[in-house]
Amino acid sequence: MSTSRVIDGVNVQSHYRDVDHQFSSAKQGIWLFMVTEILMFGGLFVAYALYHMMYPEMFAEGARFLDWRLGFVNTLVLIFSSLTMALGIYYCQLNQTKKAAIALAVTVVCAGIFMVIKYFEYTHKFHMGIFPGAMLNMEQLNNYLAAAGEPLVKSPNLGLYFGFYFCMSGLHGLHVMIGMGLITWLFIKTLRGHFKPNYYTPVEGVGIFWHIVDLIWIFLFPLLYLVG
Amino acid sequence: MAQKKSSDHSAEHESLHHITPFSVYMKVAIALFVLTFLTIGFHSIREYLGPAAALVAFAIAAVKAYLVMAYFMHLKYDIPLNRLIFATGFFFLLLLFAITALDIWSRVPVESIL
């Protein structure tokens with residue numbers, strides 16, 4: 001049934017010439033997948049840019065509700081996790097399995113820290129009555145602001161800004177959680193000694209996926225937290 | 001053996017299993033951290049920068065994005081085809097933005113007599 005053969009200790013499917021052919025084809029597939037990622041997030045970025053140009057005051061008012069310090073810490077956490085992910089591949093290439101496993105474990109922990117910070121940001125917003133789009137509870141939000149002695153909301157359509165905020169950071173957070181699952185899978189496979197210098201295709205592929213998660217956050221951070 | 005492979009391949013610009021030296025990863029990570037602090041630095045003086053503040057923030061983000069793509073995603077050492085594939089994503093994104101923007105700014109208001 002199986003139509004693969006073993007070359008240099010690696011299972012190679014029959015439709016590939018050799019190990020390298022299989023590796024480069026897999027990688028090309030990952031890059032095609034990355035294009036779809038760019039276009040999926042890109043649609044949201046384009047919509048954000050256009051609505052921002054139409055309603056700049058509303059976006060400025062919305063960004064006021066975000067704490068840039070939390071976004072800043074999350075940026076540092078994600079950059080560090082990107083480094084450890086890259087090192088995970090590096091150690092697989094050098095056949096240093098234990099170090100690769102540690103690097104991958106640190107990556108998952110960093111992703112976890114990112115999600116915990118996101119959880120606190122989200123629950124705080126829900127507590128204030130901030131929800132995406134029409135679900136934003138203006139009365140609750142204004143009561144909260146009045147109690148805190150802060151100016152009340154000026155834009156009646158503030159929910160539009162938070163529609164973008166929750167969609168963009170939520171879709172990104174979903175990617176972080178999927179990434180955590182994939183990297184945990186890599187971690188287990190690494191511990192079991194599945195990867196070697198001529199076979200680390202899943203690590204490379206998940207690595208590229210993880211870096212694009214970082215790449216998107218690099219733009220989301222100034223967009224949502226700083227510029228607004 | 002892997003070390004030897006690394007030195008063999010570093011001479012050529014691209015290869016299938018290019019091993020980026022550890023020191024390069026560290027330098028890139030430090031640069032990314034410094035640029036993140038720089039973003040916050042410029043953010044704290046945004047009143048003086050005015051409209052340029054957003055431009056500075058996105059310029060720094062673009063440099064960070066380049067570093068991640070080139071070194072962490074290994075695009076600098078990847079084959080040209082993969083670089084081209086990834087670039088098409090950004091090209092079509094630009095098209096999406098341009099055509100949508102054209103639509104929005106070429107609309108004639110309802111109350112216009114045109």
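A residue is called buried here if 20 or more other C-beta atoms lie within 10 Å of its own C-beta atom. By this criterion, buried residues make up 19% of the 114 residues in chain B of this predicted model. The secondary structure of chain B consists of five helices and zero strands, and its pattern along the sequence reads α-α-α-α-α. Of the contacts in chain B with a separation of 6 or more, 49% join residues 24 or more positions apart.

Chain B also meets chain A. In this interface, 38 residues of chain B are in contact with 39 residues of chain A. On the side of chain B that touches chain A, H2, helix H4 (52–72) and helix H5 (80–105) each supply at least two residues. The largest share, 14 residues, comes from H5(B). Sorted by class, this side of chain B has 28 nonpolar, nine polar and one charged residues.

One part of the meeting between the chains can be followed helix against helix. Helix H3 (residues 68–93) of chain A packs with helix H2 (residues 22–44) of chain B at an angle of about 170 degrees, and the two axes are 10 Å apart. Since angles over 145 degrees count as roughly antiparallel, H3(A) and H2(B) are therefore roughly antiparallel to each other. The residues that H3(A) brings to this contact include A:Trp68, A:Phe72, A:Leu83 and A:Tyr90, while those from H2(B) include B:Phe22, B:Tyr25, B:Phe33 and B:His43. By class, the contact of H3(A) with H2(B) has 14 nonpolar, three polar and no charged residues.

H1(A) has 36 residues and reaches 53 Å from its first C-alpha to its last, close to the 52 Å expected at 1.5 Å a residue. At A:Gly42, H1(A) bends by about 25 degrees, and A:Gly42 is itself among the buried residues of this helix. Others among them are A:Val19, A:Phe23, A:Trp31 and A:Ile38. The buried residues of H1(A) pack against strand S1 (4–7), strand S2 (10–13), H6 and helix H7 (201–227) of chain A, together with H5 of chain B.

Helix H6 (residues 158–191) of chain A holds A:Val176. With 22 other C-beta atoms within 10 Å, A:Val176 is buried, because the cut-off is 20 or more. Apart from its neighbours within four places in sequence, A:Val176 is in contact with A:Ala111, A:Phe114, A:Met115 and A:Val213. The C-alpha atoms of A:Val176 and A:Ala103, 73 residues apart along the chain, are separated by 17 Å.

Two loop residues of chain A deserve attention for their backbone angles. Most residues other than glycine have a negative phi. A:Asp8, in the loop between S1 and S2 of chain A, has a positive phi near 50 degrees. A:Asp8 has 11 other C-beta atoms within 10 Å and is therefore exposed. A:Asn95 likewise has a positive phi, of about 65 degrees, although it is not a glycine. This residue, A:Asn95, is placed in the loop between H3 and helix H4 (97–128) of chain A. With 15 other C-beta atoms within 10 Å, A:Asn95 is partly exposed.

Key:
Residues are numbered from 1 along each chain as its sequence is written. Chains are lettered from A and ligands numbered from 1 in the order in which they are written. This is a predicted model: local features need pLDDT of at least 70, side-chain atom pairs count only at pLDDT 80 or more; totals for chains, interfaces and linings use all residues. Axes are lines fitted to C-alpha atoms, for helices over the stretch in contact, and angles run from 0 to 180 degrees between N-to-C directions. Helices (H or I, at least four residues) and strands (E, at least two) are DSSP runs, numbered from the N terminus. Angles under 35 degrees count as roughly parallel, over 145 as roughly antiparallel, 65 to 115 as roughly perpendicular and the rest as oblique. Two residues are in contact if their C-beta atoms, placed from the backbone, lie within 7 Å. Ala, Val, Leu, Ile, Met, Phe, Trp, Tyr, Cys and Pro count as nonpolar, Asp, Glu, Lys and Arg as charged, and the others, Gly among them, as polar. A residue is buried if 20 or more other C-beta atoms lie within 10 Å of its own, exposed if 12 or fewer, and partly exposed in between; C-beta atoms are placed from the backbone. The expected span of a helix is 1.5 Å times one less than its number of residues. The bend at a residue is the angle between axes fitted to the seven residues ending there and the seven starting there.
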